[in-house]
Amino acid sequence: MPLSNGTYYAALDAPQQRISRMPAEVELKGNDLTIRIEQAGSRFVGKVKDAGTQFTGTWTQPGLSVPLVLTRVVTAATPLATGGKMRLTPPYREEEVTFTNADAKIRLSGTLTIPAGPGPFPAVALLSDSGPQDRNAEQYDYHMFGILADHLTRRGIAVLRFDDRGVGKSQGNYLTATTADLMGDAQAAITFLRARNLINPEQIGLIGHGEGANVALLAAAQPGLGKPAFVVSLAGYGLTGRNVLVRQQLEILRLIGANPAQVKAALEFHERVIDIVRQTPNDNQARGKVAANLRLNNTDLDPQMARARAAQLTSPWSRYFLDFDPTQKLPDVTCPVLALNGTADLQVDPEHNLSILKKGLKNTKVKSDKLSGVNHWFQPETKDWPLVNGVQQPTFSPKALAEVREWIFDNTTRPAPLPITESRDAAPKIKKVTKKVDKAAQASR
């Protein structure tokens with residue numbers, strides 16, 4: 001993905017190994033391409049061919065080196081569609097919007113969907129997981145936020161979803177933003193929604209995924225107009241940033257088949273690099289030390305790639321996240337919180353994270369749930385995906401959608417309306433039939 005600053009953002013997805021959006025570094029010199037996934041000790045080295053539609057080269061990971069051909073798949077931009085099909089006009093109002101984070105002096109762009117009817121409606125803003133993402137949190141044929149927004153809006157909840165900094169039509173640079181900076185974007189979204197007609201200003205909440213859930217909770221712990229009325233945490237972190245990264249790397253190394261000795265060595269090296277970053281506040285000095293250690297650990301590593309990786313590890317986001325402890329601000333959260341995690345989530349383990357969040361949120365009403373078979377992206381097991389033209393398509397867990405929807409209605413004063421797809425006059429017809437049955441019964445007597 002090209003970013004607004006001229007660099008590239010890349011991430012590794014390996015569905016069969018349940019790896020999703022693992023950060024990668026990209027080096028492109030002419031047609032020579034190198035992609036390194038330091039977190040998994042893996043790399044791809046090859047050539048760009050056929051005007052960028054194909055990459056041919058070699059994939060290397062612990063204990064394995066094989067030829068690999070990568071083919072670019074280009075899909076049309078159909079935000080709420082699945083299977084590449086154009087969608088019909090939705091039964092609600094949809095508007096392209098922009099709003100401003102005044103403190104950061106950037107303009108963010110997104111889509112606001114408002115239910116049909118007079119309102120005022122409860123509303124939510126959606127906050128994405130780590131890594132620059134568009135307003136739909138798009139991943140191949142899966143549009144996590146697009147599906148979530150469509151579901152909620154059809155049932156009476158307005159939804160704002162927006163492009164991350166430096167992505168799509170939004171200004172700013174995602175790579176230099178910290179978790180605290182992203183909280184400012186969330187607060188700006190709430191301020192924008194409060195000024196909109198048809199939206200109840202007292203019933204505006206945040207739904208965050210992964211890091212976005214922690215951003216939402218940080219916003220809820222702050223005073224002022226940017227404070228949400230409620231928060232939905234989807235796979236939020238309870239562990240410190242440092243522990244999250246270590247656990248993720250441990251799981252990834254196991255999944256790609258690294259042996260115990262390789263795992264031990266990789267984790268020790270990872271810890272050593274983290275210590276260098278945390279103990280060296282000067283960025284230039286820290287980058288020099290990190291780059292030297294990276295090359296010492298991997299003699300084949302290109303010096304430029306080592307410097308790029310060192311710059312990433314010492315970025316504002318990385319420094320903030322390494323020391324980020326979600327539990328510190330949790331006692332300041334007083335609004336209702338729904339915390340959901342999936343049992344198949346390999347990036348945010350529910351056993352270690354969900355209980356910590358629930359314990360820390362001691363001054364508010366909390367509901368938590370572990371959804372069986374649901375992964376980090378809140379997809380159900382593959383066998384439960386719907387069939388479209390004979391092909392299974394990824395989808396948002398129906399159970400998770402229902403739980404989020406009903407919980408929001410339980411925590412706002414507006415009662416849950418019937419879905420648009422249901423007949424509004426069903427109840428009166430049932431009553432008429434009931435009366436006829438009663439009269440017939442009386443006549444028989």
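## Helices across the sheet

Helix H2 (residues 179-194) lies across S7, S8, S9, S12 and S13, contact meaning heavy atoms within 4.5 Å. Helix H2 runs at about 130° to S7; angles run from 0 to 180 degrees between N-to-C directions, and axes are lines fitted to C-alpha atoms, for helices over the stretch in contact. Helices (H or I, at least four residues) and strands (E, at least two) are DSSP runs numbered from the N terminus. The model is predicted: local features need pLDDT of at least 70, side-chain atom pairs count only at pLDDT 80 or more, and totals for chains, interfaces and linings use all residues. Residues are numbered from 1 along each chain as its sequence is written, and side-chain values use heavy atoms, with hydrogens and water left out.

Asp-185 lies in helix H2. Asp-185 is buried, with a relative accessible area of 3% (buried means under 20%, with a 1.4 Å probe and protein chains only). Apart from neighbours within four places in sequence, Asp-185 is in contact with Phe-99, Asn-101, Ile-106, Leu-108, Phe-162 and Arg-165.

Helix H1 (residues 144-154) lies across S7, S8, S9, S12, S13 and S14 and runs at about 165° to S12.

## The sheet

The open sheet has eight strands in the order S7-S8-S12-S9-S13-S14-S15-S16, with mixed pairing; two strands pair if DSSP finds at least two bridges between them. Strand S7 (92-101) and strand S16 (366-371) stand at the edges with a single partner strand each, so one side of each has no neighbour in the sheet. On average, neighbouring strands are turned by 20° against each other, direction ignored.

Strand S9 (residues 121-127) and strand S12 (residues 158-162) run parallel and are joined by four bridges. Val-124 stands opposite Val-159 in S12.

## Strand S15

Six of the six residues of strand S15 (residues 337-342) are buried, so the strand is largely enclosed by the rest of the structure. Val-337, Ala-339 and Asn-341 are buried on one side, and Leu-338, Leu-340 and Gly-342 on the other.

S15 pairs with S14 in the parallel sense over four bridges, and six bridges join S15 to S16, also parallel. Val-337 is the bridge partner of Val-231 and of Val-366 in S16.

## Helices H4 and H5

Helix H4 (residues 241-255) and helix H5 (residues 260-279) pack at an angle of about 155°, with axes 10 Å apart. That makes H4 roughly antiparallel to H5 (over 145 degrees).

How values were computed. Angles under 35 degrees count as roughly parallel, over 145 as roughly antiparallel, 65 to 115 as roughly perpendicular and the rest as oblique. Buried means under 20% relative accessible area, exposed over 50%, partly exposed in between (1.4 Å probe, protein chains only).
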